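Work through the exercises below with the model open. Try each task before reading its solution.

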Amino acid sequence: MLVVMRQSATPEEIRGVVAAIEARGFKAHPIPGAQRTAIGITGNRGAVDAPVFESLPGVLEVIPVTHAYKLVGG
Amino acid sequence: MKQAGAHILRGGAFKPRTSPYSFQGLGEEGLQILAAAREETGLPVVTEALDPEGVDLIERYADCIQIGARNMQNFSLLKRAGRAKKPVLLKRGLAATLEEFLMSAEYILSEGNYEVVLCERGVRTFSDFSRNTLDLAVVPAVKSVSHLPILVDPSHGTGRRDKVSPLSRAAVAVGADGLIVEVHHDPNSALSDGPQSITPEMFEGLVRDLRQIAPVIGRRL
């Protein structure tokens, strides 16, 4: 899953998202870009609950990287 | 059918007809007839279960449990099929996206039944010359993300006898793992889906053609 921050996101807001990711036991990978920061999430075994992150301050959108199906893709 | 090259027999004992006045299938008697056909020919049988309660009966008589297009998102039925000890044939819903189709299969696998075979049977589009639009492109699409086998039903997919053979040939060429073809010895007298059913003679001819096409893509009928 990738959390994409708004261009206007503050460093505090970015830290807030990182903290929320780590609080769930996952690893946060901030990817600073020229226009905005994206934060990758790894360490999750199942699907991550997108709405939880979507509602954090400064978040523009949450993009799932893997498909929702796990077993049929074997 | 077996002589012509068929491997499995499909028949509807419990039929999800659009109209309550249409022939609903022979029920358990139909299952017994299918079992007798298996006895005589050695062909395994697949038939549709309409609801979770019906799965018990189908599991007893048939070799494979079909879940029809209209039931593709009947989640309690999918879960019950996931607890069954027989393979499940899952048909794509009338307007199901690829993701919805695969998530329905995921329901079945997640309950413990990994023996799922998918089937493309045509989807609803604006196109009005045909009962459904057979979405052959879904075959390579499924194969790129899933290991599950996928069959094609050119009979329901087109609704017309004269389209069954061309679409069957295309289905083999596109890489389908099998076909479900409606055959009737006297389609004009069929109680259900006569217009899309082909005769045994047509079926024989079709299989002969398909045997020629399959090797082109490295498959064999």
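**Exercise 1.** Which residues lie nearest the centre of the second largest pocket, and how many residues line this pocket?

*Solution.* Remember that this is a predicted model. Start with the count: 21 residues line the second largest pocket. Next, go to its centre. B:Pro16, B:Arg70, B:Arg131, B:His156 and B:Asp193 lie nearest to that point. Now sort the lining by class.

**Exercise 2.** Describe the interface of chain A and chain B, from contacts to buried area.

*Solution.* Count the contacts. Eight residues of chain A touch 12 residues of chain B. Then take the area. The two chains bury about 880 Å² between them. Carbon and sulfur atoms account for 63% of it. On the chain A side, A:Tyr69, A:Leu71 and A:Val72 lose the most area to chain B. Together these residues make up 72% of what that side buries.

**Exercise 3.** What polar contacts and salt bridges are counted between chain A and chain B?

*Solution.* Take polar contacts. Four residue pairs, both partners at pLDDT 80 or more, are in polar contact across the interface. The salt bridge count is zero. Check the side of chain A that touches chain B: four residues are nonpolar, three polar and one charged.

**Exercise 4.** What confidence does the predictor give to chain B and to the complex?

*Solution.* Chain B has a mean pLDDT of 95, and 100% of its residues reach 70 or more. For the complex, the ipTM is 0.78 and the pTM is 0.84.

Terms used. Residues are numbered from 1 along each chain as its sequence is written. Chains are lettered from A and ligands numbered from 1 in the order in which they are written. This is a predicted model: local features need pLDDT of at least 70, side-chain atom pairs count only at pLDDT 80 or more; totals for chains, interfaces and linings use all residues. Side-chain values use heavy atoms; hydrogens and water are left out. On a 1 Å grid over the protein atoms alone, a cavity is a set of points where a 1.4 Å probe fits but cannot get out, and a pocket is an open set with protein on both sides within 12 Å along at least five of seven lines; lining residues have an atom within 4 Å of a point. Contact means heavy atoms within 4.5 Å. Buried area is the accessible area (1.4 Å probe) that two parts lose on being put together, summed over both. A salt bridge is a side-chain nitrogen of Lys or Arg within 4 Å of a carboxyl oxygen of Asp or Glu. A polar contact is a pair of N or O atoms within 3.5 Å; within protein, one must be able to donate a hydrogen and the other to accept it, and residues adjacent in sequence count only if both atoms are side-chain atoms. Ala, Val, Leu, Ile, Met, Phe, Trp, Tyr, Cys and Pro count as nonpolar, Asp, Glu, Lys and Arg as charged, and the others, Gly among them, as polar. pLDDT is the predictor's confidence in each residue, from 0 to 100.
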